[in-house]
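Biologist: Could you walk me through this structure slowly, one part at a time? I am new to this, so please name each residue as you go.

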Amino acid sequence: MNRRQFIQKSVILSALGSLYASTIGKIPGFAASPASSGPGLYDLVAVRGGEPLELYRRAMEEMGGMERYVKQGQTVILKPNASWDTPPERAANTNPDLMGAIVEDCFRAGAGRVLAFDNTCDNWERSYENSGVAGAVRRAGGQMLHAHLERYYKEVSIPGAKRLKTAQVYEHLLDKDNVFINIPVLKHHGSTTITIAMKNLMGVVWDRRFWHRNDLHQCIADFCLFRKPDLNIVDAYLVMTQNGPRGTSTADLTRMRSILVSSDILAVDAAGASMLNHEPADIAHLRIGQEMNIGNLNLSQLNIRRVSL
Amino acid sequence: MGLYHLKKIRTGLSLLFFAALLFVFIGIETGPFRALGDVLLRLQFFPSIIRFVAIFFSVWTLGFLLILALTFLFGRIYCSSVCPLGTLQDIVTRIARLFRRGKKRRFSFSSNRKMILRYSILAATIILWIFGNMFLVNLLDPFSNFGKISVSLFQPLYIWIHNSFTFLLEGFDIYMLRPLSMHALPWDVILVSVAVFLVVAVMAAWRGRLFCNTICPVGSILALAADRSLFRITFRDEACTFCKRCEFVCKAECLDSMNKQVDQGRCINCFNCFTACPKGGLTYALASKKTQEEHTASTSDAGKRTFLLTLASGVLSMPLLKMRSYGQGASKPGMIPVGEQQPVTPPGSISRSHFTNHCIACYLCVSACPTKVIVPAFFDYGLQGFMQPKLDFHRSFCNYDCTRCTEVCPTGAITKQSEEEKKQIRIGEVRFLVESCVVTVDRTDCGACSEHCPTKAVQMVPWEDGLFIPEIYPELCVGCGACEYACPTEPYKAIYVSGLPVHGKAPLIDDGEGPREDDTDDFPF
């Protein structure tokens, strides 16, 4: 083959290749193995190998963009983890840069208001400010809401729950026309082994002690019957692999440079659990969640988009 | 005329100083007021003396010398403008006047100087204090009482008003203001504050500065200096017409216009008399040697003899008092073995004895604490630690990275600590009662204690049936009480912190190598 032939062949082949990619390759059920694929059709998107903002942008692109979740003029409620009075480099709280990017993205998609809150474990003012979360949300034009007084919580009943039959829930979550986005950070947890998306919802109720007192794992699963987030974005850039959930120093962390996004709270937790070297079904609240049909933790049954940047 | 304006200047200054200190106590932080408040905190008489004893020497501990010097020069201007309780009394007197219409005559000269009562109280206060018993200081000191009243009565009022306004704005989706958490103090503490406030207010409404001239130990000390002051108020024989108008406005009831005498010890330099006198019958000038001697001769009387006598007898009877006042012990035992749980003193207070010997129970730390874990106790430290605060882990816990209380303490009972120093202070030690733990009782996972622990002195370890149970490492414990606060087994906690009589040192947790790099090259799923 001389040089001319080589060029001819490669032009033809690459033309065919791109034709395939732009037509048949896109048709669900025809190309890649899982039945549905392509942006916006994955059950779970996992991106790794980049900086927090790159990870987020790529993951949302694969999910079909924020526009799929936020309609024009809607109010978006963000639930980050901003529970601890520790600086961003300790990764006990959600990465503030990620928070800022999400707030901006929501506005770009047409959100009317973007509100964020957490019922913190440490002193609320110190946690909001020192985690960097409040600053990032405000700079991006969002509003950090107060959640440290009982008056902001309303009693609801949770039909179908085994232990958590009633709970005092943050008032803005009662309005189901809002978009609810859960933004936990992937961490080890001393008693529940892992804390990801399901466990992060402990920060939307007033009385956490009740959960601890009445079968913690069951209560975590029960709450999902009240309201599941419309979207879960798990910050797995810096991951606390020991001494969680507060951590004692940066030596507790591993730089996994990843992000997980899914609207299935159980799927995203299962993926996170396996990143922390746990079999998802070994985690009691995931197992209970599966039994209660809250989502699907069998990753092999899901259409997962994995991207390495 | 110059003297006529002195009252206005005094009123202006005293209100400014009062506002600055009130803001400090109720937690309003505005730049210039805050700075003024900080200066005024160092100028309070008793706190400054105690700070001098506690921290021995720094420029900031010399406030009391400055006040003494000023008093020797100008009389008790401290009482009229710097002391916040003094101004509070003036405000009460002024309000009370509104309800006494038609009475032009407000006060009149009182010849009863109550020297014996006054100096007995002072002597008793000093004796107890010397022997490390703060009972009378904490009960009588004006700064301490102003603090108690502000924190237990004015602060809740301020929070209520602030929050009402905040919630009103939030109703319109305006989240400009931060609602404050209302943490009511224990009812018995509020009761004491109410009682003190009532006593001070009734005395003020009835007889002006009677409190300052009979009960207040600072007033009594400064009276000794004011007796010898260089500048003083005196009658001008040639101008005074015996009209008594000066007496009617004299809050200290120290002007005797009939005999043209001013009791310098009781005079608090409010300067009301200059404004009231139409004839310029009084003057404020350098005292001549003759008048000074005359006066000194007339005042070296029963009162001072009593003072010395009580001081001496008190010192001798001290061992007895001390025996009676030892009552350190558990507050509420509950499931916790009796005598086990010792009160926890704030970080930077070095030891229980350092704290109880220097705290005047002004509650500035109570007010400043962002987590509101510092709460006044009653007799938890025994009689000598009357009303001094402790950390109450049923209400809250001490924030690991916070050093607020160490920054505000005006007496040095809590010494200043950097963030790094504070993280290494062990104020208490964790104890675990396995038989009360949710994990053993209900056989479900919990781990609230370990979750909140900033040093991992409580860790969850594998137990039966795949459950995790707390395991404690007391040597790592800083005593912040987060575990006790978070423990859901109310009312009897399964994990608690017992105060260390002498604070210890915990290892500082360092970052070591920092975060590890992930060595996998794909997702594990």
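**A walk through the model**

Modeller: In chain A, eight of the eight residues of helix H8 (residues 216-223) are buried, so this helix is largely enclosed by the rest of the structure. Please keep in mind that this is a predicted model.

Biologist: Which residues of H8(A) are the buried ones?

Modeller: They are Leu216(A), His217(A), Gln218(A), Cys219(A), Ile220(A), Ala221(A), Asp222(A) and Phe223(A).

Biologist: And what covers the buried residues of H8(A)?

Modeller: The cover includes strand E6 (166-170), helix H6 (197-200), helix H7 (208-213) and helix H10 (284-291), which belong to chain A. In H10(A), the residues Ala284(A), His285(A), Leu286(A), Ile288(A) and Gly289(A) are buried, and what covers them includes H6, H8 and helix H9 (265-275) of chain A. After H10(A) comes Asn293(A), whose phi is positive, near 60°.

Biologist: Stepping back, how many helices and strands does chain A have?

Modeller: Chain A has ten helices and twelve strands, and of its 309 residues, 56% are buried. If you take the contacts in chain A with a separation of 6 or more, 73% of them join residues 24 or more positions apart.

Biologist: What about loops in chain A, say, where is Pro245(A)?

Modeller: Pro245(A) is in the loop between strand E10 (231-240) and strand E11 (253-262) of chain A, and the peptide bond that leads from Gly244(A) to Pro245(A) is cis, with omega near 5°. Another loop of chain A, between strand E2 (75-80) and helix H3 (96-108), holds Ala91(A). Ala91(A) is not a glycine, although its phi is positive, at about 55°.

Biologist: Is Ala91(A) buried or exposed?

Modeller: Ala91(A) counts as buried, because it has 28 C-beta neighbours inside 10 Å, and 20 or more are needed for that.

Biologist: New topic: which residues touch the most other members of the largest nonpolar core?

Modeller: That core has 239 residues, and those that touch the most other members are Leu44(A), Ile259(A), Cys273(B) and Cys365(B). Its largest share, nine residues, is from helix H7 (residues 115-130) of chain B, and the core also draws at least three residues from each of domain 1 (2-149 + 202-299) and domain 2 (352-505) of chain B. As background, nonpolar side chains tend to be buried together in soluble globular proteins.

Biologist: What is Leu44(A) in contact with, leaving aside neighbours within four places in sequence?

Modeller: On that basis, Leu44(A) is in contact with Leu260(A), Ser262(A), Asp264(A), Ala267(A), Val268(A), Ala271(A), Leu302(A) and Ile304(A).

Biologist: Going back to H7(B), at what angle do its axis and that of H12(B) cross?

Modeller: The axes of H7(B) and helix H12 (residues 217-226) of chain B cross at roughly 110° and come within 9 Å, and therefore the two helices are roughly perpendicular to each other. H7(B) brings Arg118(B), Tyr119(B), Ile121(B), Leu122(B) and Thr125(B) to the contact, while H12(B) brings Pro217(B), Ser220(B) and Ile221(B). By class, five of these contact residues are nonpolar, two are polar and one is charged.

Biologist: How far apart are the centres of the two domains of chain B?

Modeller: The C-alpha centres of domain 1 and domain 2 of chain B lie 41 Å apart, and 23 residues of domain 1 are in contact with 21 residues of domain 2. On the side of domain 1 that touches domain 2, H3(B) gives the most, with six residues, and the residues of that side divide into 13 nonpolar, seven polar and three charged.

Biologist: And how many residues does each chain bring to the contact of chain B with chain A?

Modeller: The contact takes 39 residues from chain B and 42 residues from chain A. On the chain B side, H22(B) gives the most, with four residues, and the side divides into 16 nonpolar, eleven polar and twelve charged residues.

Biologist: Last one: where does Tyr473(B) lie?

Modeller: Tyr473(B) lies in the loop between strand E9 (468-472) and helix H23 (482-486) of chain B. Tyr473(B) is partly exposed, with 13 other C-beta atoms within 10 Å. Leaving aside neighbours within four places in sequence, Tyr473(B) is in contact with Ala457(B) and Gln459(B).

Terms used:
Residues numbered from 1 in each chain as written. Chains lettered and ligands numbered in written order. Predicted model: local features only at pLDDT ≥ 70, side-chain atom pairs only at ≥ 80, totals over all residues. Buried ≥ 20, exposed ≤ 12 C-beta atoms within 10 Å, placed from the backbone. Contact = placed C-beta atoms within 7 Å. Core = buried A, V, L, I, M, F, W, Y, C linked by C-beta atoms within 7 Å. Domains from an automatic or database assignment. Axes fitted to C-alpha atoms, helices over the stretch in contact; angles between N-to-C directions. Parallel < 35°, antiparallel > 145°, perpendicular 65-115°, else oblique. Nonpolar A, V, L, I, M, F, W, Y, C, P; charged D, E, K, R; others polar.
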